[in-house]
Amino acid sequence: MVLQELGSQISKALASVQEASVIDEKVLDACLKEISTALLQADVNIKLVFNMRSNIKKRVDADTGAGLNKRKIIEKAVFDELCSMLNSGIDPKDIKTKKQDLKKGKPNVVMFVGLQGSGKTTTCMKYAHFHKRKGFKPAMVCADTFRAGAFDQLKQNATKASIPFYGSYSETDPAKIAEIGVNKFKEGGRDLIIVDTSGRHKQEEALFEEMRQVSASVQPDLVIFVMDGSIGQAAFDQAKAFKDTVEVGSVIITKMDGHAKGGGALSAVAATKSPIMFLGTGEHMDEFEGFETKAFVGRLLGKGDWTGFMDKIKDVVPEDSMKEEIMDSIQKGNFTMRILKDQLQNILKMGPVGQVMGMIPGFANNMMPKGSDKQSEVRIKKFMTMMDSMTEKELNTNDIKLLQQPSRMARISRGAGHRPADYQELLEEFKRLKMLICGGKGGGGMMKNMPKNLQKGMAGMNPHNMQMSMAQMSRMLPPNVLKQMGGPAALQGLMRQMEGK
């Protein structure tokens, strides 16, 4: 997760308050000192940290009274003050409106600006890919004539994401390239046209003048400023300079994958009253997540983000993907290898495991070991390779004895290029997941204990899909992490949390 170390340190400080037998001034001061130290190490401005500490003490003193839980008051004060520090002051609804102001079927021109080296071109590709999955028809225009290889990079990224692109090796006027490209894609029926502009090594008048010219030629509906998160609180001056030059609608902060100064960058940009729209958390297309202050702080403190979690599930498990006959079959205990294979494919679409699991309340920031994302992906692909070696009969059966026949085990594992022990591991996972979803002979599986009001609580999402998706989470986690969470039973407990019990 983004800023994992910072989240762990703040959570540890709050845990010390929970463990204290008596909450006095000394305990509160020790907690606030730990939190302040963690924020300063993340390069958050010292004035912001001092104000936060002062505000928390005032709130705790004001709210303390007979019958009030002081631990809860401190936890709530810390949460609210962190949200205030990272909030740009713009109403989240207004930000959402701006973001969703992109209308499908109508040309939307989005211009990206920023300094060279901030990851602007890669972010253009991620932004296009994100909206392509939402049903838009994106296209990319390279108006960067300053950096050698800029068009080649955009062309490579666009090809990888299967997105049309436009650029020129001979034309040197970025405004002209942008105008031609935008007009071309408007005529071609593209409803999201992304213009990648030049960057510089520093803020200089030539860069700002070029930005103004490109903006005048394409009349963008939205200008997005891409900023390197590793520069920490120096982001304040950079964001302010760009905002004063062009009408920046929102900000995307990149390189947030584990960088120590990310907290400083977030708080600095928020201080300029510029709404942060997305965070870049890696080089890959799916390492790109939306930013909403309360959800982000909730994940930072291990409280999760159910809304983001549900959005992830809805993106990869469409409502019509679970046919009624399949669900009826599962409810009768007929869970097959083919159904498991479909679920594994959905897991691979959800993105990095750590990013998704960080949205689940109670999932500690340090619970997912470093490198476990890759480890889980390798295991899933290994299992899918073995299922590719199965016959139709083997994929559609729920008879574990059939799948355990020695001749079948040898043929399937050999055909997939794996050891019989690997196939045995697949069978164990199949049995475990079948038990989790369908239960044993006495019932008790997720499908049989489905909360009645789950559909209403989950904003109309198909409850069958939800249950299957929670089972996916169980399959997605490395075994040691699932054990640390409390096993499959803990996931059923999470379902009850979602239901509001």
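Residues are numbered from 1 along each chain as its sequence is written, and side-chain values use heavy atoms, with hydrogens and water left out. Because the model is predicted, local features need pLDDT of at least 70 and side-chain atom pairs count only at pLDDT 80 or more, whereas totals for chains, interfaces and linings use all residues.

The structure holds 20 salt bridges, a salt bridge being a side-chain nitrogen of Lys or Arg within 4 Å of a carboxyl oxygen of Asp or Glu. In one of them, the side chains of Asp228 and Lys255 meet with an N to O distance of 3.3 Å. Asp228 belongs to strand β5 (residues 222–228) and Lys255 to the loop between β6 (250–254) and α11 (262–271), so that this pair ties together parts lying 27 residues apart in sequence; helices (H or I, at least four residues) and strands (E, at least two) are DSSP runs, numbered from the N terminus. Asp228 is buried at 14% relative accessibility, while Lys255, with a relative accessible area of 36%, is partly exposed; here buried means under 20% relative accessible area, exposed over 50%, and partly exposed in between (1.4 Å probe, protein chains only).

Asp388 is exposed, at a relative accessible area of 55%, whereas Lys341 counts as buried at 17%. Lys382 is buried at 18% relative accessibility, and Glu425 is partly exposed at 25%. Both residues also belong to a network of salt bridges that links Arg379, Lys382, Arg419, Asp422, Glu425, Glu429 and Arg432.

His131 is placed in helix α6 (residues 120–133) and is buried, at 5% relative accessibility. The side chain of His131 reaches the backbone oxygen of Tyr127 at 3.0 Å. When neighbours within four places in sequence are left aside, His131 is in contact (heavy atoms within 4.5 Å) with Leu102, Phe136, Leu192 and Phe278.

Notes. A polar contact is a pair of N or O atoms within 3.5 Å; within protein, one must be able to donate a hydrogen and the other to accept it, and residues adjacent in sequence count only if both atoms are side-chain atoms.
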